[in-house]
Number of protein chains: 4
Amino acid sequence: MGGRPVGDGDGRPAVVVRPAPRRHDDLFAAEVWAELAERFRIIDLTGDDPAADEAALEAALPEVFAIVGQPDLPRERVARAPRLRAVLNVEGNFLPNEDYEACFERGIHVLAAGPAFAQPVAEYALGLALDLARGISREDRAFRAGEEGRVPYGGGQGVLLRHADVGLVGFGNLGRALHPLLAPFQPTIRVFDPWLPPSVLRERGLVPAPLDETVARSQFLFVLATATAENHHLLGPRELALAPPGARLVLVSRAPVVDYDALLARVAAGHLLAAVDVWPREPLPPDHPARRLEGLVLSGHRAGGIPAAFREIGAMVRDDLVLLASGLPPVRLQPAARELIGRYRNRPVSTR
Amino acid sequence: MGGRPVGDGDGRPAVVVRPAPRRHDDLFAAEVWAELAERFRIIDLTGDDPAADEAALEAALPEVFAIVGQPDLPRERVARAPRLRAVLNVEGNFLPNEDYEACFERGIHVLAAGPAFAQPVAEYALGLALDLARGISREDRAFRAGEEGRVPYGGGQGVLLRHADVGLVGFGNLGRALHPLLAPFQPTIRVFDPWLPPSVLRERGLVPAPLDETVARSQFLFVLATATAENHHLLGPRELALAPPGARLVLVSRAPVVDYDALLARVAAGHLLAAVDVWPREPLPPDHPARRLEGLVLSGHRAGGIPAAFREIGAMVRDDLVLLASGLPPVRLQPAARELIGRYRNRPVSTR
Amino acid sequence: MGGRPVGDGDGRPAVVVRPAPRRHDDLFAAEVWAELAERFRIIDLTGDDPAADEAALEAALPEVFAIVGQPDLPRERVARAPRLRAVLNVEGNFLPNEDYEACFERGIHVLAAGPAFAQPVAEYALGLALDLARGISREDRAFRAGEEGRVPYGGGQGVLLRHADVGLVGFGNLGRALHPLLAPFQPTIRVFDPWLPPSVLRERGLVPAPLDETVARSQFLFVLATATAENHHLLGPRELALAPPGARLVLVSRAPVVDYDALLARVAAGHLLAAVDVWPREPLPPDHPARRLEGLVLSGHRAGGIPAAFREIGAMVRDDLVLLASGLPPVRLQPAARELIGRYRNRPVSTR
Amino acid sequence: MGGRPVGDGDGRPAVVVRPAPRRHDDLFAAEVWAELAERFRIIDLTGDDPAADEAALEAALPEVFAIVGQPDLPRERVARAPRLRAVLNVEGNFLPNEDYEACFERGIHVLAAGPAFAQPVAEYALGLALDLARGISREDRAFRAGEEGRVPYGGGQGVLLRHADVGLVGFGNLGRALHPLLAPFQPTIRVFDPWLPPSVLRERGLVPAPLDETVARSQFLFVLATATAENHHLLGPRELALAPPGARLVLVSRAPVVDYDALLARVAAGHLLAAVDVWPREPLPPDHPARRLEGLVLSGHRAGGIPAAFREIGAMVRDDLVLLASGLPPVRLQPAARELIGRYRNRPVSTR
């Protein structure tokens, strides 16, 4: 079935674009949109009138070649779209409002935009790690208070990332983007990822390790795992207690992976330094004690959602649609894996 | 003359160690000191009694093989040390209290510890650049004030370092240490360094450029030049005005290279974001307006002086002394270049 | 359906292993086999008695969880294997004796071992390129004939790979393995690959280019494309004539991609130097004039099939079977892409 | 004295250029020569009339600023050149026809062109190693004899460089150029270099090791040491016997470092495979048994002397002269180290 270019009445495949909650212009640069508009017959659902959008989507089903966005796609809707070849999610996660099995049965590509956030998150994570290594943000606060040059972990307890022991909890998109950024520091990198065989890590020069060893041996620990059915509070009181004194923990993936009470207690006790970008509740309550904690770098879900990431999604969508219309497999967005789709436990995020 | 092991009465060369203003134990790990004490006859000048130290140094001159530290070394003192083969400075700079020409005439190695600070400064500079790219320290301050997630240059104006245009002003020890850390971001790196031919930069994949072009084309500008007779206020009002709007400037080398009034005015105007670790006066006056400036990351001379750097100096001293005593040239500390020694304009620093 | 561990009567999934034409012991190191035998109920088809093997395969169908090897798998056979989750080919190619569509409909993973050959082929290809750059094998022949030091393209026409213009025709497994080996030479690398959008190449620092430009601008041209329905004689007389004089061509993927008459004529004329590992007929006729051609490095299908590659296949099979049995997706072998499976035009190879 | 631009009567410094035995045009590209001719007053000694050259050199001594080449420079000649600032050798070695001590006393830079050969030799050495790993040149010979595909160490004994144990004997210019080329193969690299402290190797990710361990643990052994007073037959029968069976040895630096009788005996016995580019006598006698040895890749001093190397020398000379004339230290050619100059035991080479 594959391998042949596709088209409809006017020779161009029909594509529904329904980017909400993303904004159309955040995703698509003018030239990207122009290319899409030329090569495809676009049904553009603006999100201004949800009922009208739903109706337009329904009307388009019989001929639609691809859907960009993540509208509800129950089995019966998939069944009414006999030409549907791909659903190109513009979020980083696979949300539960789609019947993935119905798509898999038909060989419909189900794709998500997670890789677009990997580089921004990796750069942010490295920035946080260097901040924790040397006390950058704390020194800035101290300097503004007239007390520069005295932050202990930037001076007498400041450490190098060079040759450090580093741990990665999870080695998916984020870990793969972070790894090359860490490489010139020549660290020893231990990785805990139960979805990967050790060989995959070893061939990249990484050290596969159980979780406890990863935590216990790492001066810098990056929490990069997505939320799954199995990893709720993966880093709980017991695990965090294994970390060496003065360890730096960077949390940029998903909040459920860590027990925050345990983490904040460890930071308050001076055992760990931590940088945290995701929180169990966002926004955090105004009087939450984390807001006053030294040894913590606080960040409000800033790691991924920068303009470059959204534009990257638009470009990825364009690239993969062009490939699909040429009868080729998509290569830029991330395909859903049948085995994993039921394991994810991510919530929709509107700002990232 | 070279090429032969050396020794004195008890078969071991005499070495004066006078680390002040550094502290002895900051420089020398126990095992490093033990190795030195075994292989050399150490005259250890503690700094507790300066007059006694001076007398001990004078007494040691006739037999001294090497001096570790930077005591005054006028020509007549050099003349009284006929066996002197090396002066191993434990600062990052060559200070003017030594008659370098007298040493060069005798082929005495004059060495300084600048390379020990290169990695710490490079890591710090990258941390500052990532902070400026994404607003890390400003977001932390905002979060503590209950206003997380709204720092503009961390969100809608946040940028990637990946594929960015980067400029380096100066490509000495600091630039050489920073370059590999930047490489995985695949930037285009322009370099202004009037002491290097273009070929040296090109063979490393860098783009040699005049200063104006380096400033005008760089989204991230790292000021890494040492202070010299020629580069006072190299970055003045005219040059800083060339920077593209929203450029990020990281200053970690020497204050005299930049006109601070011009720089802070540019930051205050929202034209530039900047991170500054060195200041024309340290400490900065308590009421200095820089302390209240948004768009600035403030740091009080923190880039280089961490424990790892001081221990690295001790290890470098040990390594080079062992080589020299074996009749081999030193390879770890930085040799003074006859042509450059008179050009430096660095002040002594006690904390770095 | 995915996401759950699987097993049968004795709690272990049934796996048919039928490695022919590979030899069992070439693929499976003792410890790999032991692990497989422990975790799976193995039906081991030795290949000694093909009829018995066929019968055993038929008998195993109702319960088989995975098939290792590439036996005939027509639709009706797939239909009789209701528990079949994966077919793990131990060749580098997808052969036409399997009904892929029948597998895709059921979500059965169809995997091949191509990635196991990528590193050996990439190393060999680099070795051939360096040989052509400097005349290594020709110099060896000359030296044996008492005429060392006079091969022109090793001396006065010898070239560096450093900073060279390099072209890759195809950027699949082989290109991805070769790219990091080329990187430290700091070449400019143009790539022609019609299955990839330009962004995929640009983000790796490669220059996407049309075929003609890739050939015309490359001092070193690596032919790395698999044989497809579209690329027969992709490099014909017209294209080869575009190469710059003295260009070095390395052919290690598939013979049909190149017009050999045209290639050998170009080499004979002194326009190109070439290294060729695959041939339209293997073995080449004994009196074929290529055997006497200077400017050619001859190799008889040696690039991929070394012991390390076969053992890598066994390890990949083990890793992916373990993942599959744990309800996780395979990550080491290469999954068949529905869109591409009908495009390949590779022949079975018994030695590689 | 340093730090100031220099010149003579017409404002341009006088430079003697006497490239023999190199050819002038091999060294200097037209634009390089044009730049030299503009910035310096060149006294060009063609080598056609040695007596006239000597006279011209003598006549130039009172004003000469720099000498390019390696004419005899005894102490009295140096004494007659009061303005001499640099001698820029265009060979890879420091030859004994110059009074180095006389130069050092005056602070005259003594420079040699060794670094220009490092990249060509490193690329050649890697090519030889890959040839030995896979039998490339032997397969080419076999193919020409109608026996392709049967070279044992290219097939059943073929090995990967990836993840191999590699040893480097010597880590000077050659080792530093080879190291980055090896890095993407992710080898473990042991290095024996008695002129370097372990830290220099460790900070580059190399493993410092004694010679015996380096030989005994390396599947690939690169002999990269220059000839010195101490390392004659460093690799003798005892050391070579330590190599693991099937080890590959690449010899591209200097012949005296290895005992050839022992090496060839090991190759003949099938214990080692070797590639040899330098020989105790060059050319090797026509009937030397090495010419018939399988398991040997033979090469007649081809590793360094390619056009790109000679042109690099010319560019290095230009760059360093320009720096010197600006009162800056040279950075491209290699400065002589007082301690080492008496240890070298290299002979003049005319072809390299």
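Two strands pair if DSSP finds at least two bridges between them. Helices (H or I, at least four residues) and strands (E, at least two) are DSSP runs, numbered from the N terminus. A:V68 stands opposite A:L88 in β4(A). Their strands are β3 (residues 64-69) and β4 (residues 86-88) of chain A, which pair in the parallel sense over 3 bridges.

A word on the model and its labels. This is a predicted model: local features need pLDDT of at least 70, side-chain atom pairs count only at pLDDT 80 or more, and totals for chains, interfaces and linings use all residues. Residues are numbered from 1 along each chain as its sequence is written, chains are lettered from A and ligands numbered from 1 in the order in which they are written, and side-chain values use heavy atoms, with hydrogens and water left out.

Now widen the view. In chain A, 6 strands form an open sheet, in the order β2-β1-β3-β4-β5-β13. The pairing in this sheet is mixed. Its edge strands are β2 (41-44) and β13 (334-335) of chain A, and each pairs on one side only. Strands of a sheet pair through backbone hydrogen bonds, either parallel or antiparallel.

Strand β1 (residues 14-18) of chain D and β2(D) run parallel, joined by 4 bridges. Within that pair, D:V16 stands opposite D:I43.

Return to chain A for strand β9 (residues 220-223). Is this strand covered or uncovered on its faces? Both faces are covered. A:F220 and A:F222 lie on one side, A:L221 and A:V223 on the other, and all are buried. Buried means under 20% relative accessible area, exposed over 50%, and partly exposed in between (1.4 Å probe, protein chains only).

β9(A) has parallel partners. Strand β6 (residues 165-169) of chain A pairs with β9(A) over 4 bridges, in the parallel sense. Here A:V166 stands opposite A:F220. β9(A) also pairs in the parallel sense with strand β10 (residues 247-251) of chain A, over 4 bridges. In β10(A), A:L249 is the bridge partner of A:L221.

Next comes helix α6 of chain A (residues 114-134). The expected span of a helix is 1.5 Å times one less than its number of residues. The 21 residues of α6(A) should therefore span 30 Å, and the end C-alpha atoms are 30 Å apart, which agrees. The helix is mostly covered, with 20 of its 21 residues buried. Just after α6(A), A:G135 takes a positive phi of about 75°.

Now look between chains. Contact means heavy atoms within 4.5 Å. By that rule, 52 residues of chain B are in contact with 53 residues of chain A. Buried area is the accessible area (1.4 Å probe) that two parts lose on being put together, summed over both. Chain B and chain A bury about 4,400 Å² between them, 58% of it on carbon and sulfur atoms. B:R134, B:R144 and B:R302 supply 18% of the area that chain B buries against chain A, more than any other three residues.

A salt bridge is a side-chain nitrogen of Lys or Arg within 4 Å of a carboxyl oxygen of Asp or Glu. The rule finds 6 salt bridges across the interface of chain B and chain A. The side chains of A:R141 and B:D140 meet in a salt bridge (3.2 Å, N to O). On the side of chain B that touches chain A, α6(B) gives the most, with 10 residues.

Chain C also meets chain A. Here 30 residues of chain C are in contact with 31 residues of chain A. The area buried between them is about 2,200 Å², of which carbon and sulfur atoms give 55%. In chain C, C:L328, C:R338 and C:E339 lose the most area to chain A, together 26% of what that side buries. The count between chain C and chain A is 2 salt bridges. The side chains of A:E203 and C:R332 meet in a salt bridge (3.4 Å, N to O). α13(C) gives the most to the side of chain C that touches chain A, with 4 residues.
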